[in-house]
Amino acid sequence: MGQGRRRRHLRRPRQQRHRRRGRANSVRTIAEGYKVGGGWGQYTELAGQGDLTGDGRADITARDKAGVLWLYKGTGDYKAPFAGRTKIGGGWNAYDRLLSLGDSDADGKVDLLARKTTGELLRYSGTGNAARPFTAPVQIKESHMKEYNLL
Ligand SMILES: [Ca+2]
């Protein structure tokens, strides 16, 4: 950094300096929630973080009480953030926890982790395809994951 650049930085208007200080000391509040619809109580698990369908919009999955996993495609509209659901498949009651951390296998596509009631942790790698959003599961951890009560 040369002398000229440093001087420009020091000559920042007084008003701007005050604004920065005020931001650091201000109390932030959480905005009020926006109701996006009802009927979500039918689901025993919601998971999703990012785009599952390859359109650049965040999607989520929802498991119903019968163990069917549904895909809700993101719309990009905060007032109606999800399109109608499409069925991914059944048998998801074999898991006591569904979790999305984003891309866990480093291929650039969002994945889903599922913990069996016996403790094994499986990864469903994302495909980026709405018609078949996940590949077949791969076990990534042995049964010791059962000991955790928070995932
Ligand atoms: Ca991935």
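## Terms and basis of the model

A nonpolar core is a set of buried Ala, Val, Leu, Ile, Met, Phe, Trp, Tyr and Cys residues joined through C-beta atoms within 7 Å. A residue is called buried if 20 or more other C-beta atoms lie within 10 Å of its own, exposed if 12 or fewer do, and partly exposed in between, with C-beta atoms placed from the backbone.

The model is predicted: local features need pLDDT of at least 70, side-chain atom pairs count only at pLDDT 80 or more, and totals for chains, interfaces and linings use all residues. Residues are numbered from 1 along each chain as its sequence is written.

## Confidence and overall make-up

The predictor's confidence in each residue is given by pLDDT, on a scale from 0 to 100. For the protein chain the mean pLDDT is 84, and 77% of the residues reach 70 or more. Over residues 16-20 pLDDT stays under 50, and the model has 1 contact beyond four places in sequence for this stretch; two residues are in contact if their C-beta atoms, placed from the backbone, lie within 7 Å. Where pLDDT is low, the predicted coordinates should not be read in detail.

The protein chain holds 2 helices and 8 strands, where helices (H or I, at least four residues) and strands (E, at least two) are DSSP runs numbered from the N terminus. Read from the N terminus, the elements run α-α-β-β-β-β-β-β-β-β. Of the 151 residues in the protein chain, 19% are buried. Among contacts with a separation of 6 or more, 28% join residues 24 or more positions apart.

An open sheet is formed by 4 strands in the order 1-2-3-4, with antiparallel pairing; two strands pair if DSSP finds at least two bridges between them. Strand 1 (43-47) and strand 4 (82-89) stand at the edges, each with a single partner strand, so one side of each is left without a neighbour in the sheet. From one strand to the next, the twist averages 25 degrees, the axes being lines fitted to C-alpha atoms (for helices over the stretch in contact) and angles running from 0 to 180 degrees between N-to-C directions. Strand 2 (residues 60-64) and strand 3 (residues 69-74) run antiparallel and are joined by 4 bridges.

Ala62 belongs to strand 2 and stands opposite Trp70 in strand 3. Ala62 is buried because 22 other C-beta atoms lie within 10 Å. Beyond four places in sequence, Ala62 is in contact with Tyr43, Leu46, Trp70 and Tyr72. The C-alpha atoms of Ala62 and Leu46 are separated by 4.5 Å, although these residues are 16 residues apart along the chain. Gly74, in strand 3, is partly exposed, with 19 other C-beta atoms within 10 Å. Not counting residues up to four places away in sequence, Gly74 touches Arg57, Ala58, Asp59, Pro81 and Phe82. Gly74 and Arg57 lie 5.3 Å apart, C-alpha to C-alpha, and 17 residues apart in sequence.

Strand 7 and strand 8 run antiparallel and are joined by 3 bridges; Gln139 in strand 8 is the bridge partner of Leu122.

Ala106 lies in the loop between strand 5 (95-102) and strand 6 (111-116). Phi of Ala106 is near 60 degrees, a positive value in a residue other than glycine. Ala106 counts as exposed because it has 7 C-beta neighbours inside 10 Å.

## The largest nonpolar core

The largest nonpolar core has 17 residues, of which Leu112 and Ala114 touch the most other members. Strand 2, strand 3, strand 5, strand 6 and strand 7 (121-124) are the elements that give two or more residues to this core. In soluble globular proteins, nonpolar side chains tend to be buried together.

Beyond four places in sequence, Leu112 touches Ala47, Thr61, Leu98, Ser100, Tyr124 and Phe134. Tyr124, found in strand 7, counts as buried, with 23 C-beta neighbours inside 10 Å. Leaving aside residues up to four places away in sequence, Tyr124 touches Asp111, Leu112, Ala114, Phe134, Thr135 and Pro137. The C-alpha atoms of Tyr124 and Ser100, 24 residues apart along the chain, are separated by 9.8 Å.
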